[in-house]
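This report covers a model with two chains in contact, shown below. It starts from a single residue and then turns to the chains and their interface.

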Amino acid sequence: MEKQQHRLAFGTLVITSKLPDTMVHFTAEERAAVVSLWAKVNVELVGGEVLGRLLVVYPWTQRFFDNFGNLSSESAIMGNPKVKAHGKKVLTSFGNAVKHMDDLKDTFAELSELHCDKMHVDPENFKLLGNMILIVLATHFSKEFTPQVQAAWQKLTTAVANALAHRYH
Amino acid sequence: MVLSAAERAAVRALWTKLGSNVGVYATEALERTFLAFPTTKTYFPHLDLTPGSAQVKAHGQKVADALTRAVAHLDDLPTALWALSDLHVRQLRVDPVNFKLLGHCLLVTLARHYPGDFSPAMHASLEKFLSHVISALATSYG
């Protein structure tokens with residue numbers, strides 16, 4: 001186990017052991033379901049669709065993207081280059097979750113602080129985005145997206161949403 | 001978030017396309033809900049919830065019939081769904097958060113089976129429709 005040093009008030013040094021993140025447990029089948037489907041995902045294409053759908057289906061989420069230009073219609077949103085680019089960024093970051101399914105809280109600690117302190121995003125939005133990921137995966141992978149595969153992905157998106165909310169204060 | 005004329009037309013058109021398969025999709029949505037959100041199973045201790053169960057199919061058909069009735073009464077959902085609302089609130093005592101979970105799984109099911117029809121605009125129309133159904137179901141919660 002890794003050891004961490006924490007400096008408390010008055011210079012008191014405390015050494016604790018860093019325990020693995022045991023909050024979410026994924027079975028071997030769930031991991032396989034996530035990893036095998038992720039390998040087939042075109043991150044650029046799917047990322048753009050996921051973010052686009054979020055902005056279309058839940059229009060109040062546009063509040064975070066005032067500088068993205070034209071978001072006035074479904075076609076404007078889905079064709080908007082800034083939406084596509086940002087969607088790719090977001091989904092690439094999600095790919096990190098797939099690589100660190102046992103350590104999500106630490107993996108997303110910095111991003112959590114960023115979303116709270118700099119971007120002021122209500123964590124409810126992470127759940128909405130997670131659901132958009134699932135729905136877009138369902139449209140792209142009809143055959144593979146069985147109820148079992150959905151359940152594994154549902155667990156992952158929920159865990160990522162929680163990890164992103166973890167550092168909020 | 002009232003449904004516009006175009007959104008109503010879109011929902012009705014899709015429902016017509018689903019035809020007699022609404023029951024199949026509602027059943028799949030239920031199966032997905034039980035797997036993805038295991039807490040929802042707590043409302044069905046009396047049913048065999050294994051995938052393919054005849055009891056889940058029968059329940060899926062009930063859900064399908066209610067949704068079909070909702071599609072036929074888009075102008076007045078609270079009245080059309082009043083009896084169902086009363087049932088879910090007073091007798092079944094279902095926490096309303098669960099309606100959203102089933103709604104989400106229904107969207108996943110339809111997205112999977114009709115990817116070509118499931119444009120962002122259709123997705124938005126269905127999402128609105130389901131949230132109106134859920135509000136109508138929650139009317140009795142007072």
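In this predicted model, E7(B) touches V2(B), S125(B) and K128(B), leaving aside residues up to four places away in sequence. The residue belongs to helix α1 of chain B, which spans residues 5–18. The side chain of E7(B) also reaches the backbone nitrogen of S4(B), at a distance of 2.8 Å. Is E7(B) buried or exposed? Its relative accessible area is 16%, so E7(B) is buried, the cut-off being under 20%.

| Residue | Relative accessibility | Class |
|---|---|---|
| E7(B) | 16% | buried |
| C116(A) | 10% | buried |
| C105(B) | 0% | buried |

C116(A) counts as buried because its relative accessibility is 10%, and C105(B) counts as buried because its value is 0%. How many disulfides does the structure hold? Over all chains the number is zero. A disulfide is a covalent bond joining the sulfur atoms of two cysteines.

Chain A contains eight helices and two strands. Read from the N terminus, its elements follow the order β-β-α-α-α-α-α-α-α-α. Of the 169 residues in chain A, 44% are buried. Among the contacts in chain A with a separation of 6 or more, 66% are between residues 24 or more positions apart.

Chain A puts 22 residues into the contact and chain B puts in 19 residues. The size of an interface is often given as the accessible area lost when the parts come together. Between chain A and chain B the buried area is about 1,900 Å², with carbon and sulfur atoms giving 64% of it. Nine residue pairs are in polar contact between the two chains, both residues of a pair being at pLDDT 80 or more. Salt bridges across the interface of chain A and chain B number zero under the rule applied. On the side of chain A that touches chain B, the elements giving two or more residues are α2 (43–57), α3 (74–79), α7 (124–140) and α8 (147–165). Of these, α7(A) gives the most, with six residues.

As for confidence, the model scores ipTM 0.81 and pTM 0.84. Chain B has a mean pLDDT of 94, and 99% of its residues reach 70 or more. Where pLDDT is low, the predicted coordinates should not be read in detail.

Methods
Residues numbered from 1 in each chain as written. Chains lettered and ligands numbered in written order. Heavy atoms only, no water. Disulfide = S-S within 2.5 Å. Buried < 20%, exposed > 50% of the residue type's maximum accessible area, 1.4 Å probe, protein only. pLDDT = per-residue confidence, 0-100. Contact = heavy atoms within 4.5 Å. Buried area = accessible area lost by both parts, 1.4 Å probe. Salt bridge = Lys/Arg side-chain N within 4 Å of Asp/Glu carboxyl O. Polar contact = N/O pair within 3.5 Å; in protein donor to acceptor, adjacent residues only side chain to side chain. Helix = DSSP H or I, 4+ residues; strand = E, 2+ residues; numbered from the N terminus.
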